[in-house]
Amino acid sequence: MPDPLRDDIRLLGGLLGTVLREAGGQDLLDDVERLRELTIRAYGVDDGGVSLAEAADVVAGFSLERAEQVARAFTCYFHLANLAEEYHRVRVLHQRESESGAAIEESLPAAFTQLTEEVGREEAVRRLGELEFRPVLTAHPTEARRRAVSGAVRRISTLLAERDTMRPGGTSRTENERRMLAEIDTMWRTSPIRASKPTVLDEVKTAMGVFDATMFSTFPEVYRRLDDWLLDGEAGARAPIATPFVYLGSWIGGDRDGNPNVTAEVTRQAATLAAEHALTALEGAARTTGRKLTLEAASTPSSADLKALWQRFRQLSDDLTTAAAADSPNEPHRAAVLAIAGRIAATRTRDADLAYQRPEELEADLRVVQSSLVEAGAPRAAYGDLQKLVWQVQTFGFHLAEIEVRQHSQVHAAALEEIAEKGVHGELSDRTREVLDTFRALGAVQKRFGERAARRYIVSFTQAPEHMAAVYQLAELAFEGSDDAPVIDAIPLFETFADLENSVDILEAMLEMPQVQKRLAENGRRVEVMLGYSDSSKDVGPVAATLALHSAQSRIADWAKRHNLTLTQFHGRGGALGRGGGPANRAVLAQPPHSVDGRFKLTEQGEVILARYGDPTIAARHIEQVAAATLLASAPSTEKRNATTADRFSALASSLDATSRARFHELVKSDGFPQWFAEVTPLEEVGLLPIGSRPAKRGLSVNSLDDLRAIPWVFSWSQARINLAGWYGLGTALREFGDLDELRAAYREWPLFGTLLDNIEMSLAKTDERIAEKYLALGDRDDLAAMVLEELRLTREWVLKITGNEWPLASRRVLGRAVQLRSPYVDALSLLQVRALRALRTQGASEGLTVDDGEWVDGGYKDRWRHLLLLTVNGVSAGLQNTG
């Protein structure tokens, strides 16, 4: 571990120890330390499981109150370790930037340099101008950490950063530690579990907090850094080359598939709330920018266009221009921008006389000011903060993020069937009325905030062309020919293995629909197709799903090329490896030829949002890495490599697909598997955790995996330290193929296989067979438990053979070491969780329950055990740094 990071973790751990001693006494700290030492010792080569057994005995001896305190202590430790690691990453990034004279690896300048070498500068600039990165924020319930805890983490992180600029010794350092102790004490005393599930609008507000803190200022900074590199010495003195390429989308408040809490009214409110944040931020930026333009008229006179703009402002509002002029005596550019800020404020408060109707009008006014400055010989003022404001308007508009609606195809089918029977004005069910109201909400959002604010409509489980046609039919029924009908782009979502296989046939039929042909004529023949990683993985297993998705992307790209369509493939990836997680930039570079073509769109889910965008330095790095990969994915060398290796290893792909799928189905289609899965993992309890507005499953019980959403499927396996959703079936498939030399060649040469194996190696690194056995023992199916453990051992054996590593992640020094150092601490929480699960599963008297007239009486113990279990779920999530 790097010395600065080690010092930070020691400092924070020591401060946490002080807080534990002050809050719970020396005996609490002693219990925590004893458990910690035993779980660390359990990793000794010659231990033979003795220390882990002793640790389990220690846990068994805790009272419920003590068990809760210990669980909270380890959870607090993980929050502190996580923030130390995140801050160290920021520290390293700053250091690299200050020391490097050349383009940093995986940056946009590095990608542009390589692309220029392959296609020439003119073509590289053209492709850069067409680059698109579209992250779509979702509120899938995978962020187990409370917002109150996140706030404490941010404050402690700020205090940690302060220490790097302080002189050793002195009162300032003492004051810094005092404030840290206060914040850690607050974190310790704050319940890590929410009192109630968040509402949809709570989830919207959480995302808005990230926008306010980092996104609004960071996105244009990425453009600025790119432009500084492209223009070198001329940067800031001439018009920029860089153009906006990051455009936010959001499912929060729009994704109603399986979430009855997302209504048409909620969609309207979510869009309004986002616009409020966007307009408030734009107004503030305009006022700040305007106040800095203190260029007097004598040295920097107004252009004719700026004078004309000022006259238009005077006609709109004499009060507005009088106030701006009084605040800017003989400073026409400052006055103009302050008047523009006033009009943005009027847009936010819906003052019809002064409001801008569209963001393009605001941009046009800013361009007038910018051109006037250039004409007056002040290009640096024109292309400084004012340019940043222009980029912010172009990126966020008035809507901030396009709200995307998603609904299940069967809901549409049922609505159409009911309308056909009763008529659109008949006594329709609440659900069918809600379907129609959703389209009316889209119309209202578009009318107020523009077409960019809400036009994408995603159809879950698109399994036939009729499922796409239904969207347009329902929109027509909702408006009955009214001019207020919204512009809609219906987007198919192919999720299961069968749907991926049939995707091109469905798309062919979709192209024949008049509504689709009309939209293609209007939008320059642009089309979007979404691919679901979660359900496909739950359907056929992680290996077969990865290969099926890759094949579908290739076939869809060929289909788009045949029809001269500009295609965007939308990747429904989760943060966890069982849901398409892993480094997004590596995933982009492994895509089939022409499946990216300079456009990449993906879902950013749950805890991933804060992890990738919570800190401005990390957010900028993430955007650059993904954008750089998106630019390079279409480089001739990348496309040639991906096409050649896919063909070269096609026999391997076929073998892995068939064998892994059969092995996966052998497990999950066994009689009683869903019920057994619910027994050996905290599945039911995960559903009780108040971490999202959306239900965890579709029914009241889990009698089939079809009833279960992909998120709790992945979440529950990760909690049990098995991570089955990320690797199951691979070991058998590799052994069946058998040719180790060929497998090693594929790992070196084929990006898709290399990425797959690296991600599975990460999943294996967070798996612990010793702990997994304790969870599997909670069920009564030794046959299923044996299958899981056998496949785990086999997968680990073959992955290490291929990668040449002695243990998972051995070749990735920093990451591997970080996982290794965390594992003993996670083990402590897992032992607490197993104890709680056993109490809840067995209802044994030894766990505080008694029998009265043949009935179990728990005296409130069951709720206490459930509370302990939820505390450990929170802690394990923090320790593993991924949930669903």
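Phe-396 has a relative accessibility of 1% and therefore counts as buried, since the limit for burial is under 20%. This value, like the others below, is computed from a predicted model. Phe-211 is likewise buried, with a relative accessible area of 1%. The structure has a count of 24 aromatic pairs. In one of them, the ring centres of Phe-211 and Phe-396 lie 5.1 Å apart and the ring planes stand at 80°, so the pair is edge-to-face.

Phe-664, Phe-673, Trp-676, Phe-677, Trp-713 and Trp-717 together form one aromatic cluster. One of these residues, Trp-676, is also in contact with Leu-776. Beyond the neighbours within four places in sequence, the contacts of Leu-776 are Trp-676, Val-680, Ile-722, Ala-785, Val-788 and Leu-789. Leu-776 itself is found in helix α36 (residues 769–776). Is Leu-776 buried or exposed? Its relative accessibility is 4%, so Leu-776 counts as buried. From Leu-776 to Pro-674, the separation is 102 residues in sequence and 14 Å in space, taken from C-alpha to C-alpha.

The packing of two helices can be examined next. The axes of helix α5 (residues 108–119) and helix α27 (residues 616–632) come within 8 Å and cross at roughly 10°. Because angles under 35 degrees count as roughly parallel, α5 is roughly parallel to α27. Which residues in α5 and α27 meet? On the α5 side they are Leu-108, Pro-109, Ala-111, Phe-112, Gln-114 and Leu-115, and on the α27 side Glu-624, Ala-627, Ala-628, Leu-631 and Leu-632.

In one of them, the side chains of Arg-91 and Asp-164 meet with an N to O distance of 3.1 Å. Arg-91 lies in helix α4 (residues 64–99), whereas Asp-164 lies in the loop between α7 (147–163) and α8 (171–189), so the pair ties together parts that are 73 residues apart in sequence. The two partners fall into separate accessibility classes: Arg-91 counts as buried at 15% relative accessibility, and Asp-164 is partly exposed with a relative accessible area of 43%.

A salt bridge also joins Arg-126 and Glu-130, whose closest N and O atoms are 3.0 Å apart. Here Arg-126 is partly exposed, with a relative accessible area of 40%, and Glu-130 counts as partly exposed at 46% relative accessibility.

The salt bridge of Asp-365 with Arg-343 has its closest N and O atoms 3.7 Å apart. Asp-365 belongs to helix α14 (residues 359–375) and Arg-343 to helix α13 (residues 332–349), so the pair ties together parts that are 22 residues apart in sequence. Asp-365 is buried, with a relative accessible area of 8%, and Arg-343 counts as buried at 9% relative accessibility. Elsewhere, salt bridges with shared partners join Glu-451, Arg-455, Asp-489, Lys-518, Arg-519 and Glu-522 into one network.

The backbone deserves attention as well. Most residues other than glycine have a negative phi. Arg-525, although not a glycine, has a positive phi of about 60°. Arg-525 is placed in the loop between α22 (514–523) and β7 (526–532), and at 29% relative accessibility Arg-525 counts as partly exposed. His-594 also has a positive phi, near 70°, and is a residue other than glycine. The loop that holds His-594 runs between α25 (584–589) and β9 (599–605). With a relative accessibility of 31%, His-594 counts as partly exposed.

Notes: Residues are numbered from 1 along each chain as its sequence is written. Side-chain values use heavy atoms; hydrogens and water are left out. Helices (H or I, at least four residues) and strands (E, at least two) are DSSP runs, numbered from the N terminus. Buried means under 20% relative accessible area, exposed over 50%, partly exposed in between (1.4 Å probe, protein chains only). Contact means heavy atoms within 4.5 Å. Axes are lines fitted to C-alpha atoms, for helices over the stretch in contact, and angles run from 0 to 180 degrees between N-to-C directions. Angles under 35 degrees count as roughly parallel, over 145 as roughly antiparallel, 65 to 115 as roughly perpendicular and the rest as oblique. A salt bridge is a side-chain nitrogen of Lys or Arg within 4 Å of a carboxyl oxygen of Asp or Glu. Rings of Phe, Tyr and Trp (its six-membered ring) pair if their centres lie within 6.5 Å; planes under 30 degrees apart count as stacked, over 60 as edge-to-face and the rest as tilted.
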